Amino acid sequence: MYKYNDFDTAFLAERNAQFRAQVERRIDGSLTEDEFKPLRLMNGLYLQLHAYMLRVAIPYGTLNSDQMRALALLAEKWDKGYGHFTTRQNIQYNWPKLRDVPDMLDALAEVGLHAIQTSGNTIRNVTSDHFAAAAKDELTDPRPYAELIRQWSTDHPEFQFLGRKFKIAITGSSTDRAVTRAHDIGLRMVERDGVAGFEVIVGGGLGRTPLIGKVIRDYLPQADLLPYLESVLAVYNLLGRRDNKYKARIKITVLENGIDTIREMVEERFEERRRAFDGTDQLLLEEITAHFTPPKLRGGNVETYLAAYDADPVFRSWADTNLAAHRDDNHAIVTISIKAHGQTPGDATAAQMRGMADLAERFGYNELRISHEQNVILPHVHKSDLPALHAKLKEHGLATANVGLISDIIACPGMDYCALATARSIPVAQEIASRFDELKLEHDVGHLQIKISGCINACGHHHVGHIGILGLDRAGVENYQITLGGDATETAAIGTRTGPGFAYDEIVPAVERLITAYLSLRDSAEETFLQTYRRVGMDPFKAALYPEAQKKVA
Amino acid sequence: MPRPFTPKIITANDLLEGDVIYFTDTNSWSRELTEAELIEDEAEAQLRLLEAEKDALRVVGIYLTDAKSGDNGPEPTHFREDFRRTGPSNYRHGKQEAAANV
């Protein structure tokens, strides 16, 4: 993985020293809050409902063990012993004190991490496929490009004051695990005449106006990546609306101007901008790529794995749900669920973070990933190590076998923490997970994604959940709207609203009715919730959700 | 027709700690909602807000919000302020943690 050079190290040190001085000036009264707020936001520091929140970037979701231990240190020393992994492959600390934040940033810098551009109207942390360089279906490792984009976009003078925040996701696989079609720019590696390039998607996004992105270029040569991105950003910077923050994202620019007009303008700028690139970016990419050499995977048989799989039903259940196919048949990709039933989705304690760091060192070639689904991944584990790994995960309370199941819920922090939220998300997720654990239905239900947001900004990706739940404030009471049929993958779709929302104490029974309906509607145990929904449509689910309305009609 | 004025309190966040604080009738800040000044008059509310804003260098995000009179002082009328008064519902952190440690 990428290792900072002297320039990177000096850059972060200087930046942190600058912020330390800004914090001092705020505390001694030299800076007002109006002056200080944009400065703290540039360094990932928000003020939330109960305390400050520091949002730390995990670029393209990749970490090594030392970095994970540093995240644990921050949780333990300056927070309340835990951190919260988010859908943007960030980690958030919910309880830092203002005076401590410069020390936290220095501790991060020691391991090559930072909080720059995790906030503000700028290019945010670039996200990527959490199975990058390990997935069997991958064409090319997307992370060197993500790192190139990170370096290009960090403090890029032209893009520090965009009309709104700007999010880029990149994947190297045909299966989209990075939700590329719901980003301002989505990049998907594709092949043409045996040469890998990018399909470029623009204008996707969730929030108030959820839209699936449109293909602006079906094939972009790799060498043109930065000048093309710069051209898209430049057109957005010019045309993007600044009169109304709710219409300022590029998805609205594309919607209002049409993809053909945007494409024409981008191509025009691209011709100019590519001339300004003298190849330095390609030299830099070469340097970066050298850091992403895949680990030298060890050989050896997988007998211990097969024996444990046959003998131990608990291990087998975990292996069936939490493992994914690796490009090397003797290895597996392990998703560590940090969604134990009843726990807060995405939260890990300092001890758990250290535990995962140790396991990555011992079994995983020192690599970890954070998924946008708020789980942690060990991308390369030899199958013979899986029984021992599973045993260790159990010791840390990290062996929950629920990846991709009903309790593997994405939930934003909601009104338990977030100043923007209009209702709570976390307790709803906790109760759904607990309910289906008690019902012992989870594995029978199979693959199902529930995503919950506590406000219209949709940090919980509810629009692309098979079952999406949106918490709102209705006349001073928490109310939850349900959408069905959303899809976050390469067949991306925005879910459809079912009808009136549900009160806080009605939402879990409503989800249970949906699942009961699905179990009776599916044509086999293999047909997933999403497939059933696509086959039968909304009506039978609506009938299950609103039985009283059905009675009135009758 | 303008909506009738409803009683208000003044709240903010502490600059150093970030936690929720309330303006009292002695022009100080308290971490307890029960110690907040409940303002029943609209004009008075604006004057008290100006007074509170004098502390803008050591507190953050000062605003007026609805409250009602309770047995032990002001109480929130909206669930958002109720959560701000207590803390998150997934851990006993924030003010509920502090209360448990008294």
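Predicted model: local features only at pLDDT ≥ 70, side-chain atom pairs only at ≥ 80, totals over all residues.
Trainee: Which residue of β2(B) stands opposite B:N13?

Mentor: Strands of a sheet pair through backbone hydrogen bonds, either parallel or antiparallel. Here β1(B) and β2(B) run antiparallel. B:N13 has a bridge partner in β4(B), B:V60. In β2(B), the residue opposite B:N13 is B:V20.

Trainee: Are the residues on the two faces of β2(B) buried or exposed?

Mentor: In a regular strand the side chains alternate between the two faces of the sheet. In β2(B), B:V20 and B:Y22 lie on one side, and B:I21 and B:F23 on the other. Both faces are covered, and these four residues are all buried.

Trainee: Which strands are at the edges of the sheet in chain B?

Mentor: The open sheet has five strands in the order β3-β2-β1-β4-β5, with antiparallel pairing. An edge strand pairs on one side only, and in chain B the edge strands are β3 (29-30) and β5 (73-76).

Trainee: Turning to chain A, at what angle do α11(A) and α13(A) pack?

Mentor: The axes of helices α11 (residues 313-322) and α13 (residues 386-395) of chain A are 11 Å apart. Angles of 65 to 115 degrees count as roughly perpendicular, and α11(A) and α13(A) are therefore roughly perpendicular to each other. Their packing angle is about 95°.

Notes:
Residues numbered from 1 in each chain as written. Chains lettered and ligands numbered in written order. Heavy atoms only, no water. Axes fitted to C-alpha atoms, helices over the stretch in contact; angles between N-to-C directions. Parallel < 35°, antiparallel > 145°, perpendicular 65-115°, else oblique. Pairing = 2+ DSSP bridges. Buried < 20%, exposed > 50% of the residue type's maximum accessible area, 1.4 Å probe, protein only.
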